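These notebook entries record what I looked up in one structure, entry by entry. I began with charged side chains and then turned to sheets, helices and cores.

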Amino acid sequence: MQIWMAASEMAPYAKTGGLADVIADLPAALAGAGAEVTCVLPFYRAIWEKIEVEDLGMDLSIELGDRQVRARILQGKADDGVRLFFIRRDEYFDRSSLYGTTRGDYDDNSERFIFFSKAACQLPRLLNQRPDIFHAHDWQTALVPLFIKLEKQVSGFFSGTGTVFTIHNLAYQGTFWGLDFPMMNLPDEFYSPAGLEFYGNINLMKAGILFADRLTTVSPTYAQEIQTQESGCGLHEVIRSRARDLHGILNGVNRQKWDPAVDPLIPAQYSVNDLSGKWTCRKALLEEMGLGADPKRKLPILGWVGRLAEQKGLDILLPAMDSIVDLPARVVFLGSGDDRYEQELRELEKRYPGSVAVRIGYDNRLAHLIEAGADLFLMPSRFEPCGLNQLYSLVYGTVPIVRSTGGLADTVRDWDGRSGNGFQFRGYDSPELLEAVGRAVAAFHAPGEWARIQAEGMREDHSWDRVAARYMEVYGGI
Ligand code: ADP
């Protein structure tokens with residue numbers, strides 16, 4: 001099976017979130033399952049700084065409204081059996097960030113990703129290779145299924161190509177003003193509620209939802225949630241109209257990068273059969289974060305890693321912090337994003353020296369150390385399509401405390417005294433969060449119980465091979 005993927009991120013080269021991890025790991029797992037996989041990405045500055053590429057000496061001419069814009073084709077070296085192609089146009093992609101700066105999104109994002117999606121669709125023809133599946137991800141490449149469908153009507157080239165569109169996060173839809181519509185060179189009828197029009201704007205995500213042969217999203221619960229008015233971000237009815245073709249498939253964990261038994265980024269390795277290395281990691285984390293030693297394991301360490309964004313639940317966590325520190329417990333934060341949260345976290349650290357430690361920034365090594373060295377992991381998200389950090393926490397024996405939403409609901413089972421791999425709460429409010437933290441801290445002080453919760457999470461199979469098999473089923477069903 002020839003599978004092509006178009007995406008706007010791939011770890012470790014170009015990453016803002018979980019999408020990048022999926023695009024790094026899913027293609028490799030599909031290749032491992034026998035598929036021939038090709039990924040097409042924009043040639044960002046972050047990529048040319050990190051990866052060796054070959055200029056194939058080939059150009060594409062992309063129609064954007066009444067202009068023709070050239071794209072150069074580069075091929076990258078991948079070592080996991082996946083072919084990588086990059087679409088080069090420096091005017092669009094030679095920038096410091098992927099989508100924008102702290103001052104806001106780049107104001108030509110619609111043009112950049114309409115261009116990229118068109119180029120990704122033209123590349124198979126340039127190379128004379130017919131994909132069996134073209135799989136697009138999130139709003140940046142949501143036009144791909146539509147362009148393939150329209151191309152099928154004018155030529156036979158894609159007649160055997162099925163399309164799949166994956167929603168990694170419905171909160172980001174790629175909505176732009178209607179004046180950008182002509183750049184897509186679509187028939188006028190697509191500027192309507194049955195097409196891409198969305199309350200007077202155009203919505204690129206809608207193209208993927210309406211026109212792909214199959215839809216997937218990154219957890220079964222999120223697949224249900226996005227069909228409701230509360231969580232459908234205005235698109236619930238459109239998604240409901242495709243419910244029969246929608247599948248919720250959880251992401252996996254890349255055990256080459258996230259496995260305490262082999263992780264080179266942590267000071268000591270450990271496994272479910274011998275957790276002594278976790279103790280060393282715990283000590284190292286306290287030291288690195290400037291928190292005093294705790295040789296008698298009296299003060300549980302709660303970890304938090306992520307984007308400082310409204311989605312991630314800081315609005316209920318920050319008001320609960322006084323009570324958490326009083327338990328007593330310690331909390332370490334690593335994140336970057338919204339200035340408002342950065343400010344509040346810095347103030348919190350000042351207010352509770354020795355109990356709260358904050359690092360602002362993106363730091364993969366420290367993220368690993370927190371996953372390994374903390375006792376508990378906090379994910380009180382308002383919504384969470386899949387979530388990776390709670391999966392990493394399970395693998396690292398760091399018991400997750402999560403709000404029961406999206407992929408968090410599907411992966412964390414509340415400890416009931418006999419079974420469970422973590423702690424859950426339902427309502428999006430601080431008292432419910434605190435109740436779950438209270439139960440988790442009580443379990444932490446009951447060593448026998450604690451070991452059972454840790455072991456239950458650490459023994460689970462979150463491998464990408466299992467996930468790839470699910471995608472192969474979806475591809476095969478088209
Ligand atoms: P989202 O995609 O919504 O950002 P996920 O939990 O699905 O959330 O994935 C986030 C990924 O980004 C994880 O691999 C996490 O470890 C990583 N990450 C997020 N913020 C940081 C940070 N400040 N430093 C290091 N890694 C981070």
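**Entry 1: arginine 242.** I looked up the burial of arginine 242 in this predicted model. Its relative accessible area is 11%, and because buried means under 20%, arginine 242 counts as buried. I then noted its partner: the side chain of arginine 242 forms a salt bridge with that of aspartate 245, at 2.9 Å from N to O.

**Entry 2: other salt bridges.** My search of the whole structure gave 27 salt bridges. One of them joins aspartate 315 to arginine 340, with 3.8 Å between N and O. This pair connects distant parts of the chain, 25 residues apart: aspartate 315 lies in helix α10 (residues 314-317) and arginine 340 in helix α12 (residues 339-351). Aspartate 315 is partly exposed at 29% relative accessibility, and arginine 340 is partly exposed at 41%. I also recorded a network in which Asp55, Asp59, Arg70 and Arg72 are joined by salt bridges that share partners.

Next I examined aspartate 90, which forms a salt bridge with arginine 88; their closest N and O atoms are 3.0 Å apart. Aspartate 90 has a relative accessible area of 32% and is partly exposed. Arginine 88 is partly exposed as well, at 31%.

**Entry 3: glutamate 197.** Which side chain of opposite charge is nearest to glutamate 197? I found lysine 206, at 5.6 Å. A salt bridge requires a nitrogen within 4 Å of a carboxyl oxygen, and glutamate 197, although buried, has none. Glutamate 197 belongs to strand β11 (residues 197-198). Beyond its neighbours within four places in sequence, its contacts are Phe190, Tyr191, Ser192 and Lys206.

**Entry 4: the open sheet.** I traced an open sheet of 9 strands, in the order β3-β4-β5-β2-β1-β8-β9-β13-β14, with mixed pairing. Its edge strands, β3 (53-64) and β14 (246-248), each pair on one side only. On average, neighbouring strands are turned by 25° against each other, direction ignored. Helix α6 packs on this sheet, touching β9 and β13 (214-217), and its direction makes about 130° with that of β9. Within the sheet, strands β2 (residues 36-42) and β5 (residues 82-88) run parallel and are joined by 6 bridges. Threonine 38 has arginine 83 in β5 as its bridge partner.

**Entry 5: strand β15.** I asked how many residues of strand β15 (residues 301-308) are buried. The count is 7 of the 8, so the strand is largely enclosed by the rest of the structure. β15 pairs in the parallel sense with strand β16 (residues 330-337) over 8 bridges, and with strand β18 (residues 376-379), also parallel, over 2 bridges. Leucine 302 stands opposite valine 331 in β16 and opposite leucine 376 in β18.

**Entry 6: helix α5.** I listed Val144, Pro145, Leu146, Phe147 and Ile148 as buried in helix α5 (residues 144-154). The buried residues of α5 pack against β1 (2-6), α4 (109-126), β8 (133-137), β9 (162-167) and α6 (204-211).

**Entry 7: nonpolar cores.** The largest nonpolar core has 98 residues, of which Leu30 and Ile209 touch the most other members. Helix α1 (residues 18-32) supplies the largest share of this core, 9 residues. A second, separate core holds 36 residues, including Leu318, Tyr352, Ile401 and Phe423. Finally, I noted that leucine 30, leaving aside neighbours within four places in sequence, has contacts that include Ile3, Met5, Val37 and Tyr475.

How values were computed. Residues numbered from 1 in each chain as written. Predicted model: local features only at pLDDT ≥ 70, side-chain atom pairs only at ≥ 80, totals over all residues. Heavy atoms only, no water. Helix = DSSP H or I, 4+ residues; strand = E, 2+ residues; numbered from the N terminus. Buried < 20%, exposed > 50% of the residue type's maximum accessible area, 1.4 Å probe, protein only. Lys, Arg positive; Asp, Glu negative; His and termini not counted. Contact = heavy atoms within 4.5 Å. Pairing = 2+ DSSP bridges. Core = buried A, V, L, I, M, F, W, Y, C linked by side-chain atoms within 4.5 Å. Axes fitted to C-alpha atoms, helices over the stretch in contact; angles between N-to-C directions.
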